Amino acid sequence: MKRTAITWGSDGPLLAEACAKLGIALSAWTPRDLEDGEKRDRCTQMLGDADVILLRPTNDWIWDEIIERLDQDIPIISFGYDP
């Protein structure tokens, strides 16, 4: 299974460790990573290839664009203060 996550940087190592133990492929990004257009395009491609998407939304401007690019057929798990 492939997971793609956009979350806070502090969540990345925890997700990576859990996925490694379970044999799950993980592509993790932070909102700050996605301020770069090339990285945003690569992340969007990974979102389209994922089996499950994990999101921890923030107030960053990037979320408006990311949400528009999400494939509604892929399960999305949103978590945090205001999912």
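The buried residues of helix 1 pack against strand 1 (2-6), strand 2 (25-29) and strand 3 (52-55). This is a predicted model, where local features need pLDDT of at least 70, side-chain atom pairs count only at pLDDT 80 or more, and totals for chains, interfaces and linings use all residues. Residues are numbered from 1 along each chain as its sequence is written, and side-chain values use heavy atoms, with hydrogens and water left out.

**Exercise 1.** Find the buried residues of helix 1 and explain why they line one face.

*Solution.* Start with the terms: helices (H or I, at least four residues) and strands (E, at least two) are DSSP runs, numbered from the N terminus. Buried means under 20% relative accessible area, exposed over 50%, partly exposed in between (1.4 Å probe, protein chains only). Within residues 12-22, Gly 12, Leu 15 and Cys 19 are buried. Down the helix axis these fall within an arc of 70 degrees, so they line one face; the arc is taken from the directions from the axis to the C-beta atoms. Turned away from that side are the exposed Pro 13, Leu 14, Ala 20 and Lys 21.

**Exercise 2.** Trace the contacts of Ile 6, leaving aside neighbours within four places in sequence.

*Solution.* Contact means heavy atoms within 4.5 Å. The partners of Ile 6 include Leu 34, Leu 47, Trp 63 and Ile 66.

**Exercise 3.** Which residue lies over the face of Trp 8?

*Solution.* Look for NZ of Lys or CZ of Arg within 6 Å of the ring centre and within 35 degrees of the ring normal. Arg 56 is the answer, at 3.7 Å from the ring centre.
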